[in-house]
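Visitor: I would like to learn how to read a pair of packed helices. Please take me through an example.

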Amino acid sequence: MALRPERQAPPEVFYNEREARKYTTSSRIVEIQAKLTERALELLALPEDGVPRLLLDIGCGSGLSGETLTENGHHWIGMDISDSMIDIALEREVDGDLLISDIGQGLGFRPGSLDGAISISAVQWLCNADKSCNDPRARLKAFFSSLYKCLARGARAVLQIYPENSQQLEMISTAAMRVGFSGGLVVDYPHSSRAKKYFLCLLCGPPSVNSVLPKAIGEDGGSDSDDDSDEEENGTVDVSERQRPAKRPKNGKKIKGKAWLLKKKEQRRNKGVPNVPRDTKYTGRKRKARF
């Protein structure tokens, strides 16, 4: 049974039925989702005692990540804001309990009731401010504070995210630490532009001997290749190390300099165009915004 929220969140995170079905049936998406979920489970570091845990799948979509949780012997609750995605999950008869919910309004679970939480590419949507009522910092605070309450003491949450820039990454990390989480960021394949993956590994409670950050994939030496090879290196990275790429000219237009202006003016003079401005030392200079 899927429950519906009182208020909806940003429309950009929604999928219509056609998009949801296309997403779910893509073999590439299924493979990537399974790999990321396996990695999140590894970073979750659950005790290997054969006892199934109750886990929360934040942004569960159509239940692809939940299937991996089931295969690993765990019980899970999945929540997503897209009713189309939840409908597909119901059609597929996934084993988890499903909930339609906006995580930016908080999580309504009993305190200490969950043994862990994962999220695959969902939390970064909370940074969107496409409506005047959507304050990213307030939504992040509501999410992380309620997540902290519903996790058992000492439990972990592993959130795989695709941050748009270093500022967004820092905003998410800071919001988590302010409500009491300890832990930090693990970056797999930090030297690859395509294979790089960010995992925010959070511990419910203050730092301890057992809360050392896990190793990222491939620590020795590193490679700058763009493929998804498992041989790329391990390492963790500070949020400030990911920089915004240089801006490109709008519409791909080349910037026209002084030489171009002089050439065009000379062409107009040769054609006999009247009143062509004369060449001065100010020709081609960029004007200041104001005097």
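**Reading a helix pair**

Guide: This is a predicted model. In it, the crossing of H1 and H4 is right-handed.

Visitor: Which residues of H1 and H4 meet?

Guide: From H1, the residues Glu17, Ala20, Arg21, Tyr23 and Thr24 take part, and they meet Ser84, Met85, Ile88 and Glu91 of H4. By class, this contact holds 4 nonpolar, 2 polar and 3 charged residues.

Visitor: What describes two packed helices?

Guide: In general, the description uses the angle between the axes and the distance between the axes. Here, helix H1 spans residues 17–25 and helix H4 spans residues 83–91. Their axes lie 8 Å apart, and the packing angle is about 50°.

Visitor: Why are H1 and H4 called oblique to each other?

Guide: An angle under 35 degrees would count as roughly parallel, and 65 to 115 as roughly perpendicular. The angle of H1 and H4 is about 50°, so the two are oblique to each other.

Visitor: Where do these helices sit in the order of elements, and how many helices and strands does the protein chain have?

Guide: The protein chain has 7 helices and 7 strands. Along the sequence the pattern is α-α-β-α-β-α-β-β-α-β-α-β-β-α.

Visitor: How much of the protein chain is buried?

Guide: Of its 291 residues, 43% count as buried. The accessible surface of the protein chain is about 17,700 Å², with 49% of that belonging to carbon and sulfur atoms.

Terms used. Residues numbered from 1 in each chain as written. Predicted model: local features only at pLDDT ≥ 70, side-chain atom pairs only at ≥ 80, totals over all residues. Heavy atoms only, no water. Helix = DSSP H or I, 4+ residues; strand = E, 2+ residues; numbered from the N terminus. Buried < 20%, exposed > 50% of the residue type's maximum accessible area, 1.4 Å probe, protein only. Areas by Shrake-Rupley, 256 points an atom, 1.4 Å probe, with all protein chains shown as cover. Axes fitted to C-alpha atoms, helices over the stretch in contact; angles between N-to-C directions. Parallel < 35°, antiparallel > 145°, perpendicular 65-115°, else oblique. Left-handed = near helix turned anticlockwise from the far one by under 90°. Contact = heavy atoms within 4.5 Å. Nonpolar A, V, L, I, M, F, W, Y, C, P; charged D, E, K, R; others polar.
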